[in-house]
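Have the viewer open as you read.

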Amino acid sequence: MSSQSTVTRFISNPKTVAIVGCPFSGGQGKPGVDHGPIRLVEEGLPKQLEELGWKVHFDGHHQFEEISAENDPPIGKLKNPRCVSRVCEAVAKAVGDHAKKGQLPLTLGGDHSLAMGTISGTLDQYPDACVVWVDAHADINTPETTDSGNIHGMPVSFLLGLGEKIPEFSWIKPTLKPSRLVYIGLRDVDAGEKRILKENGIKAFSMHEVDKYGIGKVVEMALDHVNPNRDRPIHLSFDVDALDPTVAPSTGTPVRGGLTFREGHYICEEIYETGCLVAVDIMEVNPSLAEPDAVKQTVAVGCSLARSALGETLL
């Protein structure tokens with residue numbers, strides 16, 4: 001595998017990736033997703049990125065020891081709301097600080113509630129950034145529409161400022177505009193979420209469009225929508241459950257009929273080629289939810305997605 005010399009428009013030279021390890025599982029109920037980032041680093045991801053020509057900054061995983069999930073009763077249906085909010089606020093600061101230094105933050109989750117923090121951090125430095133959200137799920141439930149109360153199904157609604165205002169989350173500035181968000185890979189969307197997407201005119205390419213047009217055309221249309229001149233910073237937030245469970249089995253909410261290995265990697269490769277990438281999330285690798293071989297496979301896929309997003313090419 002080689003890397004290509006795409007000019008990274010917003011990242012300072014020498015180009016530096018800052019790995020933000022977030023062993024956090026409070027946004028959902030299944031244990032183990034907090035071990036995802038630890039396994040990705042143990043797999044050798046920092047060295048793999050160095051081999052692609054990046055300077056790698058990694059000073060250990062964020063432990064959030066001072067943020068306790070105890071004494072955190074639900075707010076309405078929301079589970080662990082104070083804990084999730086405080087962790088995401090800490091992540092926003094970490095990501096924003098790296099972005100301000102001209103580094104590219106690569107956040108390893110943990111559950112997808114963390115995107116409230118990562119995208120807030122990106123928008124703090126790049127207010128005109130757009131978001132490409134690759135996921136089986138829209139994660140746009142509001143406190144009113146959620147059935148489960150798990151906040152990993154809600155980060156997008158908080159970033160857009162939708163739904164009831166929860167004082168504990170008042171630190172989130174709703175600066176993400178619906179026109180700057182695009183989804184790829186959706187296939188398990190709640191009725192309330194479908195309504196929210198339609199009402200807000202949010203562009204989403206489900207697996208139906210991937211089947212109909214092919215991944216090349218879908219990525220082109222997605223980028224044309226949020227970044228028509230290819231001059232806006234891009235935040236890529238990738239939930240590994242966007243991939244079919246045969247590709248990435250060890251994740252919390254797998255749904256059949258997902259992206260193939262190559263389709264997932266193609267998205268990452270094309271976004272890197274724009275030269276506009278400023279931040280990446282790799283989320284929801286859960287090493288406790290499958291047989292050892294399936295876990296190894298999922299961890300390896302998480303690493304290879306990160307490499308593709310940072311310039312690894314097939315030739």
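What follows covers the ground rules, then pockets, cores, one loop threonine and some backbone geometry.

This is a predicted model, where local features need pLDDT of at least 70, side-chain atom pairs count only at pLDDT 80 or more, and totals for chains, interfaces and linings use all residues. Residues are numbered from 1 along each chain as its sequence is written, and side-chain values use heavy atoms, with hydrogens and water left out.

**Pockets**

- A pocket here is an open set of points on a 1 Å grid over the protein atoms alone, where a 1.4 Å probe fits and protein lies on both sides within 12 Å along at least five of seven lines; lining residues have an atom within 4 Å of a point.
- The largest pocket comes in at about 300 Å³, a volume being the space filled by probe spheres set on the grid points, which are joined across faces, edges and corners.
- Its lining has 18 residues, and His137, Asn141, His152, Gly153 and Asp190 are the ones nearest the centre.
- Sorted by class, that lining of the largest pocket holds nine charged residues, eight polar and one nonpolar; Ala, Val, Leu, Ile, Met, Phe, Trp, Tyr, Cys and Pro count as nonpolar, Asp, Glu, Lys and Arg as charged, and the others, Gly among them, as polar.
- The second largest pocket has about 200 Å³ of space, and its lining splits into five nonpolar, three polar and three charged residues.
- Among the residues lining the second largest pocket are Glu89, Asp124, Trp171 and Lys173.

**Nonpolar cores**

- A nonpolar core is a set of buried Ala, Val, Leu, Ile, Met, Phe, Trp, Tyr and Cys residues joined through side-chain atoms within 4.5 Å; buried means under 20% relative accessible area, exposed over 50%, and partly exposed in between, using a 1.4 Å probe and protein chains only.
- The largest such core has 53 residues, and Leu106 and Leu236 have the most contacts inside it.
- Helix α10 (residues 292–309) brings the largest share of this core, seven residues.
- A second, separate core has 49 residues, including Leu114, Val131, Met154 and Ile172.
- Beyond its neighbours within four places in sequence, Leu106 is in contact (heavy atoms within 4.5 Å) with residues including Val17, Leu45, Val280 and Leu310.

**Thr251**

- Thr251 sits in the loop between β8 (234–239) and α9 (261–273), and is buried, with a relative accessible area of 3%.
- A polar atom of the Thr251 side chain lies 2.7 Å from the backbone oxygen of Glu284.
- Not counting residues up to four places away in sequence, Thr251 touches Asp239, Val240, Asp241, Glu284, Asn286 and Leu289.

**Backbone geometry to check**

- The Asn13 to Pro14 peptide bond is cis, with omega near -10 degrees, and Pro14 is in the loop between β1 (2–3) and β2 (16–22).
- Asn80 has a positive phi near 50 degrees without being a glycine; Asn80 is in the loop between β3 (55–57) and α3 and is partly exposed at 25% relative accessible area.
- Asp139, also not a glycine, has a positive phi of about 50 degrees; Asp139 lies in the loop between β5 (130–134) and α5 (155–160) and is buried, with a relative accessible area of 6%.

Conventions
Helix = DSSP H or I, 4+ residues; strand = E, 2+ residues; numbered from the N terminus. Polar contact = N/O pair within 3.5 Å; in protein donor to acceptor, adjacent residues only side chain to side chain.
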